[in-house]
Amino acid sequence: MDVFRSDRIRNVVLLGHGGSGKTSLVEAMAYLSGITNRLGKVTDGNTVSDYDKEEIKRKFSITTSVVPIEWGKVKINVLDTPGYFDFVGEVEEAVAAADAAIIVVSGKAGVQVGTQKAWEMCEKYNLPRMFFVTEMDLDHVSYRKVVEDLTELYGKKIAPIHMPIRENEQFVGYVNIVKQAGRRYVERGQKKECPVPDYLEEYLEKYHDILMESVAEISEEFMERYFAGEEFSVAEVSAALKMNISDGSIIPVCMGSTVNVQGVANLLDDICGYFPSPAQKTCAGMNMKTNDIYEANYDFAKAKSAYVFKTIVDPFIGKYSLIKVCSGVIKGEDTLYNPTKDADEKPGKIYVLQGGKPIEVSELHAGDIGAIAKLNTVATGDTLSTRTTPVVFGKTEISVPYTCKRYKTVNKGDEDKVSQALSRMMQEDQTLRIENDSANRQTLMYGIGEQHLDIVCSKLKERYKVDIVLSKPKVPFRETIRKKADVDAKYKKQSGGHGQYGHVKMTFEPSGDLETPYVFEQTVVGGAVPKNYFPAVEKGIQESVLKGPLASYPVVGVKATLYDGSYHPVDSSEMAFKTAAIQAFKKGFLEASPVLLEPIVSMKINVPDKYTGDVMGDLNKRRGRVLGMNPDAQHKGCTIVEADIPMLSIYGYSTDLRSMTGGSGVFSYEFARYEQAPSDIQEQEIKARQEEGADA
């Protein structure tokens, strides 16, 4: 593949709802540009960008893939992202590396939740964007309806630049609104001029006026010409469009059929003509040597720097760090410095990835996207630069995973293999998190949704030949007491020779601090228990609070006071007093009105207004307490519901919330406090712990 200068590069991310046709669009682009000589299909599992075995099996994208397309004298780095919400981390990585976006809309399904989430992502990263409506070859697909729905959502900035021409229910061509001319498709990627059908004249005039208004707003001179009734030339309109699309004041809508490769050549032309090159974008990091802002700005003349926006770790193709060059020109023989890890790396070779196929290149200019293999110290979010100019760029903000399941290996002895495999997968997937909950003897796997976790299991089996099973996680209950108990415990054992003797009198009462397991005090007078045995008594309490007498959960909020006892000058020992304290604790705890405490989380749920009633009703069923509802300032027509909810009730919430809100609801939570569990919950939990031997 040729080397491209910054001004001849376009980095474009494809966004949209799952199943809207992003991968099929990439396939049509690859076919038209000559990368492939046949058109692959998602259903056949032979597309360029869905190369992973799991993607082929499930027939949808799971990871972001990069496909560089050469179109004319321009290289378009197309980032094909997953549309399903469980893989949002992949989308966030891709959007951070892109300079513009195509939001793909299914002509059949219309504007969906994923369309709106894609728009929000573009707003967050301030990306210029276009809409591309697919499936225009299907009957009863209404392009006009999609345009109307988009205009209703996003206002006057929505501007169609093409309209479909249909004959006998067949999609046969389009009208170019800028040129006010018709085009008929003749063969794949080819077209010829044709007259504009009469039935489209009205809409052509309407859409052309929208474009001309936006062109007129570029300058006072243009505005005067517009009001004087002058026509703008095609060159003037195109130049104005480029400016308006770059600043986001116009969002064009175009359309086509990926199956028949119709409208795809126009889209590639528009990407090259209207979207900005990296040379027109800004990019800044921090120079770690001088603590000054480093204005990289994709300038090839500046010191080398690159941001690692994604990592691929595959047992078959190896580890690749995907980079976007932020300044300078990176070559294989360079020595690059990783300031985060204070380590030097020698790339050896530089690649561009064409889906899963690495292609070696001699160098990458500022703004280009490529890959480096086998970088030992480098992780996603790191920066590569030089020791003389050590630069660090801000890390991409990735969604936090809140869906949690417990996992166990199917075969004993596979624990290390699973741990190593998951460690590799976490390098690749920043929304996967593993936590060891030693208190409940369980290992927890966190992901964005249940489908995400299922695919992790499937990848473990396929890639690393290890099996795990997922189950509902144990909730970390705690035990405490509500009353005061006074106990007398004596440990006495005689078995020839020295015996064992320890005798304590203790009180147990609530300490009032549910964050501390216990408070130990002693008020012994007169040497009833010698001072040198006090630590042994405390050690007995310290061991006892690890597993409470009620249901073997950790104990919190207990104040233990040693006030009296007795000892034997020969038979007493530290072990005897420790054992006596353990007996006293168990007896005193059970006499002091013991209760189970359950963890409560503070949850924020962001939902469109029309779903708030359903969400609140569901929270009530989960024993949640709604604390407030506030309009979401960032998302018009949405409400943030704040509630406290028992951790026991949030299992499966991700799936249920999506079901209630058609996928538009999102939530987050954090631990708040412990509260006394209702009696029925306590009974269920104590019974369940007894059945599993209070030891699982």
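The axes of helix α12 (residues 534-544) and helix α13 (residues 574-591) cross at roughly 45° and come within 7 Å. Axes here are lines fitted to C-alpha atoms, for helices over the stretch in contact, with angles running from 0 to 180 degrees between N-to-C directions. Helices (H or I, at least four residues) and strands (E, at least two) are DSSP runs, numbered from the N terminus.

This is a predicted model, where local features need pLDDT of at least 70 and side-chain atom pairs count only at pLDDT 80 or more. Residues are numbered from 1 along each chain, and side-chain values use heavy atoms, leaving out hydrogens and water.

**Exercise 1.** Work out how α12 and α13 are oriented to each other.

*Solution.* Start with the cut-offs: angles under 35 degrees are roughly parallel, over 145 roughly antiparallel, 65 to 115 roughly perpendicular, and the rest oblique. The crossing is at roughly 45°, so α12 and α13 are oblique to each other.

**Exercise 2.** Find the residues of α12 that meet α13.

*Solution.* Contact means heavy atoms within 4.5 Å. In α12, look for Ala536, Val537, Lys539, Gly540, Ile541, Glu543 and Ser544. Their partners in α13 are Glu574, Phe577, Lys578, Ala581, Ile582 and Phe585.

**Exercise 3.** Decide whether glutamine 354 is buried or exposed.

*Solution.* First, find glutamine 354 in strand β19 (residues 350-354). Next, recall that buried means under 20% relative accessible area, exposed over 50%, and partly exposed in between (1.4 Å probe, protein chains only). Glutamine 354 has 12% relative accessibility, so it counts as buried. Finally, check what glutamine 354 touches: Ile35, Val48, Val66, Val67, Pro68 and Ile359, leaving aside residues up to four places away in sequence.
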